[in-house]
Amino acid sequence: MTISKRFYNTIQVLSIMKSKLSKQEIQNKIKEIFSNNPSPKQIKKVKTLASSKNIKLTNYKKKFCNKCLTLFNSSNHETRIKKPLKIIRCKSCNYISRYKL
């Protein structure tokens, strides 16, 4: 990715953040982005928007990898359940996420 594209993407995210969206509008925007298949760039944008208004991504956090930000589907992750934990391994970067059941 060239510097100009990175610069443009950061300006685009900052312009959304500067537009003084309300917390409810940002929540609606997050729902809209997750309703279709988001790319890692879009997931990163969602995380910055959520952190700008202190919105918790509790429902969406388990749907993507914390390291490479790819959305989980049936082919790119492996799920295991051991007594107190649900273990999800991303097949693209081999990152392991552990969640309490």
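Q: Which residue in strand 3 does R89 stand opposite?
A: This is a predicted model, and here strand 2 (residues 85-90) pairs with strand 3 (residues 96-100) in the antiparallel sense. That pairing runs over five bridges. Look across from R89 into strand 3 and you land on I96.

Q: In the hairpin of strand 2 and strand 3, which residue takes a positive phi?
A: Five residues sit between the two strands of this hairpin. Among them, the one with a phi near 65° is N94.

Q: What is the bridge partner of T79 in strand 2?
A: Strand 1 and strand 2 are antiparallel too, paired over six bridges. A hairpin of two residues joins them. Across from T79, the bridge partner is I88.

Q: Are the planes of F34 and Y60 stacked or edge-to-face?
A: The ring centres are 4.5 Å apart, with 10° between the planes. Planes under 30 degrees apart get one label, over 60 the other. With 10° here, F34 and Y60 come out as stacked.

Q: How many residues apart are F34 and F64?
A: Their ring centres are 6.2 Å apart and the planes sit at 25°, so this pair is stacked as well. F34 belongs to helix 2, while F64 is in the loop between helix 3 and strand 1.

Q: Which residues form the aromatic cluster?
A: F34 and Y60 are buried, and F64 is buried too. The count of aromatic pairs is two. Together the cluster is F34, Y60 and F64.

Conventions
Residues are numbered from 1 along each chain as its sequence is written. This is a predicted model: local features need pLDDT of at least 70, side-chain atom pairs count only at pLDDT 80 or more; totals for chains, interfaces and linings use all residues. Side-chain values use heavy atoms; hydrogens and water are left out. Rings of Phe, Tyr and Trp (its six-membered ring) pair if their centres lie within 6.5 Å; planes under 30 degrees apart count as stacked, over 60 as edge-to-face and the rest as tilted. Buried means under 20% relative accessible area, exposed over 50%, partly exposed in between (1.4 Å probe, protein chains only). Helices (H or I, at least four residues) and strands (E, at least two) are DSSP runs, numbered from the N terminus. Two strands pair if DSSP finds at least two bridges between them.
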